[in-house]
Amino acid sequence: MKNNLPSLLSSYQLQTITISMSDDTLLPVSVIGSGEPVMLLHAFGMDARQFLPFILPLTQRYRFYLPHFRGFGMSSHLTLPRFNFIEQYVDDVEQVFRHVSKKTKCEAFPVAAISMGALVMWAYFQRFGTQHVSRYLNIDQAPMIHNQPDWQTGGVFGTRQTEIFTQFADLIANAEPYMQVDDFRHLPYHLKTKLLDIERAFSLLSVSRKPSQLLVKTLSHRPPQKISLMKHGNTSYAVCLLTLSYLTITAAFYRQSVYQRLY
């Protein structure tokens with residue numbers, strides 16, 4: 001047992017590496033475990049390290065790579081060089097694939113992705129194919145965003161899609177002139193309240209029990225004077241929220257052809 005202890009402990013040690021992106025940005029990637037590589041892509045508003053409680057029991061068999069998308073987690077300080085941030089994330093994921101393949105001599109390995117991370121993978125398959133992916137676990141992001149005659153409630157937000165897309169369109173129309181503003185305090189008051197309202201709405205969509213909804217509403221309540229002087233903890237997050245709104249109502253993403261390529 002003593003002889004196995006060092007290797008056992010090393011499998012639970014979380015490391016942070018940086019991988020150079022195509023624009024020379026250094027992207028933080030959390031790495032843990034030993035064995036076959038596996039990549040996990042996190043959701044909107046999530047820190048990649050939130051995967052840890054779920055993967056720790058598997059770290060003696062697999063080595064997990066957890067990229068932090070620009071604007072979130074350990075990449076919260078990184079800026080987004082393009083408005084279409086999903087396409088930026090696709091480029092970044094490709095660089096991570098190349099790094100891991102070169103490091104491990106493994107041409108293809110399993111990937112799991114949740115929500116926004118899954119949307120990134122649909123876009124990735126559309127551009128780069130599936131040659132780097134041996135298995136894929138898609139968590140809660142449908143292959144098409146918009147409801148259609150043959151896809152009645154499978155799109156984002158289900159039966160509430162029209163209502164929420166209308167809110168997004170209104171937000172975009174009001175915010176577009178201020179996309180270059182890099183300090184939340186410098187935005188007009190009406191726009192700040194709209195952004196915060198949408199932020200709250202996203203949180204409420206993830207909880208269904210009334211006590212949880214009440215907690216979200218209580219914690220997200222801000223009086224007018226606080227909103228006026230508020231410095232958002234992550235300006236990139238607010239920009240991502242806006243661009244997510246843009247992509248959600250304008251993109252017609254990745255139909256069954258992607259399924260056929262995967263399975």
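A: The largest nonpolar core has 50 residues. Val 93, Phe 97 and Met 121 touch the most other members. At least two core residues come from each of strands E2 (26-33), E3 (36-41), E5 (109-114) and E6 (133-139). H4 gives the most, with 9 residues.

Take Phe 97. Leaving aside neighbours within four places in sequence, Phe 97 is in contact with Met 39, Phe 109, Val 111, Met 121, Tyr 124, His 132 and Val 133. Another core lies apart from the largest one. That other core has 12 residues, including Ile 32, Leu 40, Ala 43 and Leu 52.

Now the helix pair. The axes of H3 and H4 come within 9 Å and cross at roughly 75°. H3 is therefore roughly perpendicular to H4, since angles of 65 to 115 degrees count as such. On the H3 side, the contact includes Val 90, Val 93, Glu 94 and Phe 97. On the H4 side, Met 121, Tyr 124 and Arg 127 are among the residues met. By class, this contact has 13 nonpolar, no polar and 4 charged residues.

Finally, confidence. The protein averages a pLDDT of 80, and 81% of the residues score at least 70. Over residues 249-263 the pLDDT is below 50. This stretch still has 40 contacts in the model beyond near neighbours in sequence. Where pLDDT is low, the predicted coordinates should not be read in detail.

Conventions:
Residues are numbered from 1 along each chain as its sequence is written. This is a predicted model: local features need pLDDT of at least 70, side-chain atom pairs count only at pLDDT 80 or more; totals for chains, interfaces and linings use all residues. Side-chain values use heavy atoms; hydrogens and water are left out. A nonpolar core is a set of buried Ala, Val, Leu, Ile, Met, Phe, Trp, Tyr and Cys residues joined through side-chain atoms within 4.5 Å. Buried means under 20% relative accessible area, exposed over 50%, partly exposed in between (1.4 Å probe, protein chains only). Helices (H or I, at least four residues) and strands (E, at least two) are DSSP runs, numbered from the N terminus. Contact means heavy atoms within 4.5 Å. pLDDT is the predictor's confidence in each residue, from 0 to 100. Axes are lines fitted to C-alpha atoms, for helices over the stretch in contact, and angles run from 0 to 180 degrees between N-to-C directions. Angles under 35 degrees count as roughly parallel, over 145 as roughly antiparallel, 65 to 115 as roughly perpendicular and the rest as oblique. Ala, Val, Leu, Ile, Met, Phe, Trp, Tyr, Cys and Pro count as nonpolar, Asp, Glu, Lys and Arg as charged, and the others, Gly among them, as polar.
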